[in-house]
Structures are given as C-alpha cells and as structure tokens.
Amino acid sequence: MLYREAGQFKASYQADQQIFPIRQDRVGFSLVLAFFFLLVPAVANQYWLQAILIPVLIFSLAALGLNILTGYAGQLSLGSAAFMAVGAFAAYNFMLRVPGMPFLLALVLGGLCAAAVGVAFGLPSLRIKGFYLAVATLAAQFFIIWALTKFPWFSNHSASGVISTQAVVILGYAFDTPASKYLLTLSVVALLALLAKNMVRSSTGRAWMAVRDMDVAAEVIGIRPLHAKLSAFAVSSFYCGVAGALYAYTYLGTVEPEGFNLDLSFKILFMIIIGGVGSILGAFLGAAFIVLLPIFLDNIIPQLFGGLLSSSFSSNLQLIVFGGLIIFFLIVEPHGLARLWQIGKEKLRLWPFPH
Amino acid sequence: MEKTHRARRGAPLAALAAGLLIALPALAQEQFIGLPSYRVGPYAAGGSGIYGGWIDYMTLINERDGGINGVKLTWEECETEYNNARGVECYERLKGKGPTGNTTFQPLSTGITYSVLEKVAQDKIPMVTIGYGRTDAADGRVFPWVFPMISTYWSQASGMVKFIGGKVGGLEQLKGKKIVYLYHDSAFGKEGIPLMEQSAQKYGFTLKQIPVAHPGNEQQAQWLQIRQEKPDYVILWGWGVMNPTALRAAARSGYPRDRIVGGWWSGSEEDTIPAGDAAKGYISANLSGVGTGFPVIQEVQKHVYARNKGNMEDKNRVGSVYYNRGIVHGILTVEAIRTAQQKFGAGKPMTGEQVRWGFEHLNLDADHLARLGATGLLPELKVSCADHEGAGKVKFQQWDGSKWLPLTDWIEADRAQVRGLIEASAGAYAKEKGVTPRDCSKEP
C-alpha cells in the first residue's frame, strides 16, 4: 500500500531514466541521506563515529570498487587491499613532498596512482579469465606490499615502514574531530557512490556487463574488451585507492603495509559476495555486515553467557557464529543481501493485494 | 554520550542479563582496566598466555589483598583478533568504561599500537608496550603517553650483540666475525636493523641481512644461503610459524642450534615444541624470567588456581614464557596504579592521567621486587620523564628439549648507543609532526 506507484506517470525520458523512478524511493533515500548527514553527526558519540561508522563507510567504498570490477565487469580480483595500500601511500607521499598540496587533490591523485597500478595488473585479464586471473591479481597483492616494505622511500624512511598521516585541512578548516572526519568520509563516499551508480547505467557500465556476460559476444557487437576490461580495472582501483587514503587519513591515522594484507582483500571480496555481486547497495550492506557483525557478537556473546564461558571459548564461539551466519545468508539468498531487499521491495509493491 | 549508547545497545539484553546475574557486586571503589586481548587466530598462543597471566595477577591482587589499597580491579576483554581495525574499535569501546575510564591500554600488537598512538594522548590514557611497538617512544619527552617498558627492540639487538660478544670472548673479538640477521620481512622484523648496522660498524663484524616473507613457513632458500655464508651466529628475528620452521630448516642444513639466537618473540614454548628435537640447544632472548619458581607465581597457584579462579584453560602453561610475561604486565600495571595512589590519594580509583604519572614515576628496585616475589622475573626498573624504557635489559635462555632454562642473568644493552638512536628517531618524529618535546626539568 505504502509502496504503490499508481498515478506516477513518466512523461519524459529524463523522468524515466532517473536513478529512483518511484517517488517513495526518492523520499526514502533523501531521508536516509538526511539521517546520515544531519542527525548522525549531531547525536552519535565518538565511539559510533570513529569505530563503527567511518570504517563501514570506507570499506563500503572499497567494496564498491571491487564490485565494479567483479560484479559488473566479471573480473575476479584478490588485490583490492593492495590497491588500497597504493592509494594510502601515494596520498601520503603527495602530501609530504608537494608543499601546499590540498588534501582532496591528494586523495584524487592517490586514487589515480592506484588506478595506474590497477591497469598494469589488469593487463593479464586480456588473456586469462576466472580463477587464473584471480591468481594474477594475487601477485599484485604480494608485489605491492613487498615493494612498500622494501623501498623505504615510500614510507619516508621510517625505520619500521609505518607512515603516520598529516593533518587533514581543507580551505583552512581542520578536520580533527570524529564528527568532521565522519562528514568528510561520508561526503566522499556518497559522491563516489553516485558516480558509480551513474557509471554502471551508462555505456561504460553496459560495456562492462556485456563483457561479464560473454566477452566473445560483446566483441561481436562492437565492444572493445581491452577498453572495457582495463577501464573496469582503472575505475575499480581508483575507488579502492581513495578508500585506502581515507582509511589512512580519516580512520586510523597511521598505517603499515602489512595492514593491507591478503586477509583484507578476502574480507572485501566477502563483502560483495554477502552484500550482492553487481549491486551498489550490496557493497554497503556487505561492508556493514562484515564489519559490524563481529563487533556485535563480541559485545553480545560475553553478555549473554556472562561468566559461564571462558574468554577463549567465547572468542572462538564468535567466529563460529559469524561463519554460520554467513553460510545461512548465502543459503537463504545466494545473490546477497541486496537481492533480499529487492525481493522485499517487490513484495511491498503488491502488498496487501498479492494478486 | 557513552551512557546513552550503552543503554541503547544494552536495552534488549537488560532483561536477559538481569536473569543471569544473580547479584551485582556492591559498588565499591573500582579501577577499570580494558584488555584488548586476542584469543583466536594465528597469534592466539601469545594472546591467551599473556592476557591470561595478566588476569591471574589481577585476580591475585583482588583475592589476596582485596585490591590496591581497597580499590578492586575490574576488567573486561575485547577480542581484537590482532587486527588493527578491531583494535581501534576495542580502544574506543573500552575507553569510557569504569568509574574513571580505561586506566591503561596495552594491545600486544605493534599495528594497533601505531593506530592508537595519537588517540591515547588526546584521551589521556597511558599506553604500555612491553617488548613491542614503537621503539623511539622510549623518549618520553616526545611521547609522554607511551611506555615501551623494560626493553625496546633496539635494546634487545644491543643485548644480543653483547651476548654473542661474550660467547666469542669479548666484544673486540667480534671483529671479522660474520652474523646473519634472519628476519620476518615486515615492520617488526626490520626494527632491529638500524642498531645491528651501527653495531656492525662499531665492532667490525660482517652483518648479512636475510629476509623471510610472511608467514615464513618456507625457508629452504634462506638456509641454503646461510650454509654458503657460514656465519658464526644467526640472529632469528621471527614471529609465529617462522620460528619452528627456521629451527627445523637449520637442523636439516646442519647449522648448530646453539649458534642461533632468537628474539623474545621467537623464544616461547610455542616456538620450540613444534620444532621437536630440532629446537634442542636453541638460545633466545627474553624480557621476563621463566618457570614457576618465583614466589609470585606460587602465590598465584595458591590464591587463584587452588580456588579455581585461574584464567588459563591449560594449567600447565602457568610458568611458561608468555604466561610469565603476562604476570609482568600485571605487576607493572598494578604498581603504577599503586604509585599513582601514593601521590593522588590512597584508596581512590585513579584516572588515566594519574596512572600515567604513576608509570612515569615507577621505581622497582631490588627490595621492591623482592617484596613482590618477582626477583628475577623482571629486571630492576626505573622510569623517568625522559626515559620510558626503564631498564633496557634482556635475559638469555636455552631450550633443553622440553623446557627453557635460564642461561644468563640480565644483560644490559649499550644504553648510550640505544639512547642515541632513540633520540634521533624521536627527534625526527617530533619535527615531522610539529611536536615540541617536553622539558623534563619542569615536570612535577
């Protein structure tokens, strides 16, 4: 009933092509945006901003990047964390070595460096596919982390290879409180998500999807696989790079190359699998699931069982429950949480008259 | 703020929790200590041993003494999985708990240490990093809130050089010798390099650095290279599975194990037992004593384990390397709180700022250690405003095939050399970050 779209006529191409063609979606999405932009910074405390919301947003952005590559262009990658590392270390070096470098420009340049590296490691995708390509991107994961550790120039000759980021100042305003860092992260993520949404609806995105579904057929209808695949690698790595720079600047403040290890790459891959492969919303839902569920379990399990369980057992139980829930969700909906939302929405449109 | 959020999260649980909790402890004076522990994952052996020992020591203080001057210690664990992001979440979660907030943050992970390095200063929570973390934080003028106590990596490296020097008949005999530095190729593994390079120049030995890629379960190539190099000693700066692998590979290539000197993260039972016979004779550094012979450990057995309140699931681990290191964490934390209470009021919970003062004025001399029953468990320690390391000493121990045996007493690092490197590095950090070092003559 609430979701009925009767009476909403589309009178122009523009109205037909907008991101949210249904009015309820537009209103709902505006409310969500207003909630996160206006209400959250006003009421959330430091714990929620710094330890929950900022990492979820950053990982959403990284998952979005991987989703463009894997979900839309069909190229499996295990190098997302390494591209994040490139973004973080590149932004750090631009800020360090170029006097008066504005932060937002360093962020973009960091992303562009990651994009360049991503294209280089995407080249094998022109020859190999599927799991073989995953192994090739695995090489990126190991090579990049090795290079960042090996050459001290990247970390400004810090003895331990750890970089600690400069203060974030934009137009004279210092982003040093959790709320301001949160708003900065949210703005960047929202902007890039909007861009991604439009990109996948444009000819670029259609070319990616054509290559994903069948690259021979795509080539026959005039899509250049080289162009499509490499642009997917570039855009995906750009997103991961920006996420990595935000990870360093607005979240942790100090990062080491080992922080961007294979585990993190797998985590980002799990985010898109749980959230929904080939869906923008899925990247956000998946990131929230993977980041928040372990924290939730760590809070709830010791409280539920109090002193009954030893701490080791309760720590292991968290992992068991976490793994179990992942399997449960994948069995219930193999296409991810985003698909659950979609099904729910379709049901709502008919409710309460399913026929 | 913190209250509202906890209430929000806790609301659905409140009914359940009320049913489970029979009686809430009376609201006595309490000192809260947040424990960012890790009991799962590849490093669980270290995490469960150290946090287990630490918790046992705090239980001992509560059970035997009724707390510190009547202030009971309370704690809560938060699972970090040795992961930086989870560690930051734990830090934020724990920092507001208890009547005075979190007293001290000790994450047992260099990555997490770096991630919260600047936050602890803002939130006024002292961070103690025993045997890991940022080495140059020993310069308390630049890092007032960080205490890399007992020994830093550079003190360990210097202690190793001294120990090897002693083996070959004096430091001057090191001239012309060859030492291989076999290290975990990571920030942690590279920590020792600056000091080793400087020592190689100073004493005239040849230093050969051989990295092992993480995780280090394949070391054929490295040990082939070591066989070709024929070094007089091998320093093993490893972590996790890399250690037993190195010992097994050394046995296969016929390198004598008593010429391998490991660091303190390469010298626990968990490193040697998996290597089996290959580990026999292997030497490692340690910053705490081993065994159950210390009076304080026997007190723990008597007051904690005999009453079934111990934290270790495997009671045989009491007295092991990691467990005893946990006891040392407990002793230093408790004594810092006690020192703070002497200044700011006995019998009151201390704030993080006051406990920081306590850490900075910690003075554990021989008498004090004897009173604690911890003579030989940790070295004499005197922390000051400028020197947050306090001791700079290491012990060496040897594996006899079934247990670690103490090999030497405390060996003091070349503190002038270590201090020089620390001040140079901390000075560079201060310059990069625009920090003005404290003037220690003006500190209270």
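A:Cys240 is buried, at a relative accessible area of 1%, where buried stands for under 20% relative accessible area, exposed for over 50%, and partly exposed for what lies in between (1.4 Å probe, protein chains only). This is a predicted model, in which local features need pLDDT of at least 70 and side-chain atom pairs count only at pLDDT 80 or more, whereas totals for chains, interfaces and linings use all residues. Residues are numbered from 1 along each chain as its sequence is written, chains are lettered from A and ligands numbered from 1 in the order in which they are written, and side-chain values use heavy atoms, with hydrogens and water left out.

A:Cys240 takes part in no disulfide, and the nearest cysteine sulfur, that of A:Cys113, is 14 Å away; a disulfide is here a pair of cysteine sulfur atoms within 2.5 Å. A:Cys113 is likewise in no disulfide. With a relative accessibility of 27%, A:Cys113 is partly exposed.

Over all chains, the structure holds two disulfides. In one of them, the sulfur atoms of B:Cys78 and B:Cys90 are 1.9 Å apart. The torsion about this S-S bond is about -80°, so the disulfide of B:Cys78 and B:Cys90 is left-handed. B:Cys78 belongs to the loop between strand S2 (72-77) and helix H3 (84-94) of chain B, while B:Cys90 belongs to helix H3 of chain B, so the pair ties together parts twelve residues apart in sequence. Helices (H or I, at least four residues) and strands (E, at least two) are DSSP runs, numbered from the N terminus. B:Cys78 is buried, with a relative accessible area of 0%, and B:Cys90 is buried with a value of 0%.

The disulfide of B:Cys385 and B:Cys440 has its sulfur atoms 2.0 Å apart. The link of B:Cys385 and B:Cys440 is left-handed, with -75° about the S-S bond. This pair links distant parts of the chain, 55 residues apart: B:Cys385 is in the loop between strand S11 (381-382) and strand S12 (393-399) of chain B, and B:Cys440 is in the segment after helix H15 (415-433) of chain B. B:Cys385 is buried at 11% relative accessible area, whereas B:Cys440 is partly exposed at 24%. When bonded cysteines are counted along the chain, the disulfides of chain B follow the pattern 1-2, 3-4.

The next topic is the interface. In total, 40 residues of chain B are in contact with 42 residues of chain A, contact being heavy atoms within 4.5 Å. The size of an interface is often given as the accessible area lost when the parts come together. Chain B and chain A bury about 3700 Å² between them, 50% of it on carbon and sulfur atoms; this buried area is the accessible area (1.4 Å probe) that two parts lose on being put together, summed over both. Across the interface of chain B and chain A, the rule finds one salt bridge, defined as a side-chain nitrogen of Lys or Arg within 4 Å of a carboxyl oxygen of Asp or Glu. A:Asp298 and B:Arg93 form this kind of link, with their closest N and O atoms 3.1 Å apart.

Within chain B, a salt bridge joins B:Glu63 and B:Lys309, the closest N and O atoms being 2.9 Å apart. The two lie 246 residues apart, B:Glu63 in helix H2 (residues 44-65) of chain B and B:Lys309 in the loop between helix H11 (295-305) and helix H12 (321-344) of chain B. B:Glu63 is partly exposed, at 26%, and B:Lys309 is partly exposed, at 42%. B:Asp65 forms a salt bridge with B:Arg64, with the closest N and O atoms 2.8 Å apart. Salt bridges that share partners join B:Arg64, B:Asp65, B:Glu299 and B:Lys302 into one network.

In chain A, the buried residues of helix H8 (residues 203-213) are A:Gly205, A:Ala207, A:Trp208, A:Ala210 and A:Val211. Their cover includes helix H3 (46-72), helix H7 (178-201), helix H9 (215-220) and helix H10 (225-252) of chain A. The side chains of A:Arg212 and A:Asp213 meet in a salt bridge of 3.1 Å, N to O. A:Arg212 is partly exposed, with a relative accessible area of 33%, whereas A:Asp213 is exposed, with 58%.
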